[in-house]
Amino acid sequence: MAPMRLEIITAERRVYSDDVDLVVAPGLEGQLGILPHHAPLMSSLQPGELIIRKDGEETYLAVSGGFLEVLDNQVTVLADAAERSDEIDEERAQAAMERASEGMAGRGAEIELEQVAVAMRRAQIRLNVVRRRRARADMRGAVGGPGAG
Ligand code: ATP
């Protein structure tokens with residue numbers, strides 16, 4: 001199948017821009033799987049993992065919510081924050097997770113707790129994306145397959 005264009009941008013930078021075969025994004029009401037020539041669509045995104053398939057290889061990104069639009073065989077993701085698995089600083093995500101855990105234990109005001117829970121979710125997603133990448137790299141090492149992002 002002919003590919004479709006994917007652009008992932010934040011206020012700060014262009015995170016990803018390429019022709020791809022499949023996008024799976026964390027829609028507000030569940031996973032959105034988008035193949036080429038998808039019907040026009042607009043959806044909010046929740047914080048989660050975004051998976052890209054291109055030439056049989058999968059790339060994983062952490063996204064912190066935003067919007068997704070499909071129009072004319074192009075998928076545009078406007079994300080609050082987004083990082084490819086190879087860009088994620090695992091120690092930073094781990095530190096954010098620990099701060100959030102301490103914040104939870106401190107039992108502050110309700111509004112603070114909500115912010116802490118959201119920060120914890122962002123950190124958890126980043127850690128999941130990094131660990132998934134590492135697990136796949138280990139698996140490839142074991143079978144001697146090709147590398148991917
Ligand atoms: P932290 O508490 O570590 O700043 P955060 O969840 O509050 O994490 P965000 O507000 O979601 O951070 O993102 C701020 C900027 O930092 C964004 O550009 C985001 O891509 C980047 N960022 C956040 N955490 C990481 C990380 N672990 N690795 C790489 N980039 C990150």
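Q: How many helices and strands does the chain have, and which pattern do they follow along the sequence?
A: The model is a predicted one, in which local features need pLDDT of at least 70 and side-chain atom pairs count only at pLDDT 80 or more, while totals for chains, interfaces and linings use all residues. Residues are numbered from 1 along each chain as its sequence is written, and side-chain values use heavy atoms, with hydrogens and water left out. Taking helices (H or I, at least four residues) and strands (E, at least two) as DSSP runs numbered from the N terminus, the chain has two helices and eight strands. Read along the sequence, their pattern is β-β-β-β-β-β-β-β-α-α.

Q: In which sense do β1 and β2 pair, and which residue is the bridge partner of glutamate 7?
A: Two strands pair if DSSP finds at least two bridges between them, and β1 (residues 4-9) and β2 (residues 14-20) pair over six bridges in the antiparallel sense. A hairpin through four residues joins β1 to β2. Within β2, the bridge partner of glutamate 7 is serine 17.

Q: Which domains does the domain assignment give, and what distance separates their centres?
A: With bounds that come from an automatic or database domain assignment, the chain is given domain 1 (4-85) and domain 2 (89-143). Taken over C-alpha atoms, the centres of domain 1 and domain 2 are separated by 21 Å.

Q: How much space lies in the largest pocket, and which element gives the most to its lining?
A: On a 1 Å grid over the protein atoms alone, a pocket is an open set of points where a 1.4 Å probe fits, with protein on both sides within 12 Å along at least five of seven lines, and lining residues have an atom within 4 Å of a point. With grid points joined across faces, edges and corners, and volume taken as the space filled by probe spheres set on the points, the largest pocket holds about 290 Å³. Of the 13 residues that line the largest pocket, the closest to its centre are Arg92, Ala93, Ala96, Arg122 and Arg126. The element that gives the most to this lining, with five residues, is α1.
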